[in-house]
Structures are given as C-alpha cells and as structure tokens.
Amino acid sequence: MTGITAAGLTYQGESMDASPQALGELRRSDDVVEDRSELHRRMRADGYLFLPGILDREEVLTAHRAVVERLAEAEILDESYPIEEGIVRADAQLSFMPALARDNAALDRVLYSGSMMAFYESFLGGAVRHFDYTWFRAKTPGTSTATQPHYDIVFMGRGTRDLYTSWTPLHDVPYEMGGLVVLEGSHKLPLRQSYGQTDVDRYCENEGDAKSIVSRAQEEQRELTSEERQSVHWNSTGHYSGDAIEARRELGGRWLTAEYEAGDLLVFGMFTMHGSSDNHTDRIRLSSDSRYQLASEPVDERWIGDDPPMHGIRAKQGMIC
C-alpha cells in the first residue's frame, strides 16, 4: 500500500474510497516554478499548482509560533505539552478562527510579502493586490470539522474571476491530520455554469424568506462585536455538498492531496472544488486561505478594508427571481 491509501482518510467519520480511481496525489510543480508559461498551462490543465518548499520554512514556523501562543492564551491547548506541538485539550472544538490572523505580523510576513508576493507578481505578470481579510482554519481533532466541498467563486465572485487562493499550512500536515483535498478536473465541469454562477450573499426579494434573511442580518450586525462578526457565516452556506464522499461519486474524478510541510504552498483557481478530510491526530491543524489578483482588475469589496462587509448585512444583494 502507498502512504496515502494506508493513511485511511475519512470524511465526517466515513472512510473515503482509497482506490486509485478515487484518491491520488497532487502533481508537484516546484520543478517549473520559474517557467511562467508552464505554470499557466498546468493551472489550465489541473486547476491548481502544488509548490512544495516555495515559502521560507522558518518564517512559516515563526508564524505558527505566533498562532499557537494565541491558542495557549485562549486555553485551547493542553498545558501538559509544549505549545509548539499543538496538542489540543480534550474538550476543545474549533474549525474556523479568523481572529488568529488579525494583527498577526508574523503571519502577514508569510502571506503578504516575500516569496508569496514574488510568486504572484511573476505568475500574474504585474502588480498584485491581496484581499485584506484572511481566512484562518484551526481544525481540532475529530470528525466534525472537515471542510465541506465548494468552489471559492461562490463567496468572492463580485470582482475579477482571475483570482487565486493560496492554501498555506503553518506546520507539517501528514495525511491523517486532514489536509486540503482537491477534486481532480472539477474546474472543467459543467457545474461551473450552474453552481459556479451563484453568490452566497444574493437572495430573492420576491420569494421565500427574504424578510427573515434581512432581519437576521440586521440583528446579528447589532448584537455582535466586530471581532465576533469575523466568524459569522449564515443563510445559504455556499457549499456544493455536505458530503465529500458523495460529491466525488456524483461528479467523478479523484480527491487529490499530499503530505504537506511547512513552506509548502497550494494555489488554485475559483472553480476548483476543494475541502478537507478528518483530523485523526491529537493536534490542531492550522492553515490559512488568502487571495490574490492583479491590482488593475476589479476587486470584490466584501473582503477589502479594515472592517470588510464579509457576509454581513452590507454584503447582501436582493434581486427579483
């Protein structure tokens, strides 16, 4: 058995099909990182670029230290172990914790300067801007925190479509820790003309529960602090499916993943289906999602500024259906 099949990946407690037709390894592109035309060819062909070791490992681990210090202060980690090990308290349960990325200079150095920005300036061929908002995943052990399959375009499609996600692990992520999985060929499916055209923050003014959507948004906006609003996702979830196993059966292709290391980078486009598997370790899995585009192109204003609208009331768009 290869490492990936022997790892026994699961999604929400159910075993993922480990056959060669259902599960595979990401293709590495660190061998062509200086060849812009080949990188673009592979992005068109695969919908992603896996770039092991492109980031400075020590800078990434410094950012990891900054994050686990915050987790220790929040009493998420087991005090019996060094905080660098990220061993989680038995009663802790987290999945999405963007507050860990706010005012985090060490993480900003990894995501918004140095090798990351140099890569995008070369890949996109011009001056680059990034979203101000940083998505941050803190996946505690168990079978309830795996990320549901989705296209990113559903959440950030009001600007350019030539927008890219960086998934950046802050430490080594073995298979059993539940790293990112990408659905092979999903960026070429007819699905991009249906599900891929939706916007999680649009709603029908003349149908269903339009009034309750607006009312709920306004109520949450009043009751939550700015910090708490960073974690609010409501109304339609925007995910394609709540079941990665069934989604693959329906759509075909293979789930692709890797054993990631600190310093690795996974880049993918807005129409690449992705999610994650379960974390079967006793450690918290820490990673960030950040977004990049040419500065000259339109930007989705939901993710720009010191207090971005995100998915709150300011982001909602009513339409006649």
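## Strand 8 and its two partners

In this predicted model, strand 8 (residues 180-183) and strand 12 (residues 274-276) pair in the antiparallel sense, with three bridges between them. Strand 8 also pairs with strand 10 (residues 255-257), again in the antiparallel sense, over two bridges.

## Strand 4 and strand 11

Next comes strand 4 (residues 48-51), which runs antiparallel to strand 11 (residues 265-269) and is joined to it by four bridges.

Which way do the residues of strand 4 point? Tyr 48 and Phe 50 point one way, Leu 49 and Leu 51 point the other way, and all are buried.

## Helix 3 against helix 4

Two packed helices are described by the angle between their axes and the distance between the axes. For helix 3 (residues 57-73) and helix 4 (residues 105-112), the axes come within 8 Å and cross at roughly 145 degrees. The crossing of helix 3 and helix 4 is left-handed.

On the helix 3 side, Glu 59, Val 60, Thr 62, Ala 63 and Ala 66 meet Ala 106, Leu 107, Arg 109 and Val 110 of helix 4. Sorted by class, this contact has six nonpolar residues, one polar residue and two charged residues.

Definitions and conventions:
Residues are numbered from 1 along each chain as its sequence is written. This is a predicted model: local features need pLDDT of at least 70, side-chain atom pairs count only at pLDDT 80 or more; totals for chains, interfaces and linings use all residues. Side-chain values use heavy atoms; hydrogens and water are left out. Two strands pair if DSSP finds at least two bridges between them. Axes are lines fitted to C-alpha atoms, for helices over the stretch in contact, and angles run from 0 to 180 degrees between N-to-C directions. A crossing is left-handed if the near helix is turned anticlockwise from the far one by less than a right angle, and right-handed if clockwise. Contact means heavy atoms within 4.5 Å. Ala, Val, Leu, Ile, Met, Phe, Trp, Tyr, Cys and Pro count as nonpolar, Asp, Glu, Lys and Arg as charged, and the others, Gly among them, as polar. Buried means under 20% relative accessible area, exposed over 50%, partly exposed in between (1.4 Å probe, protein chains only).
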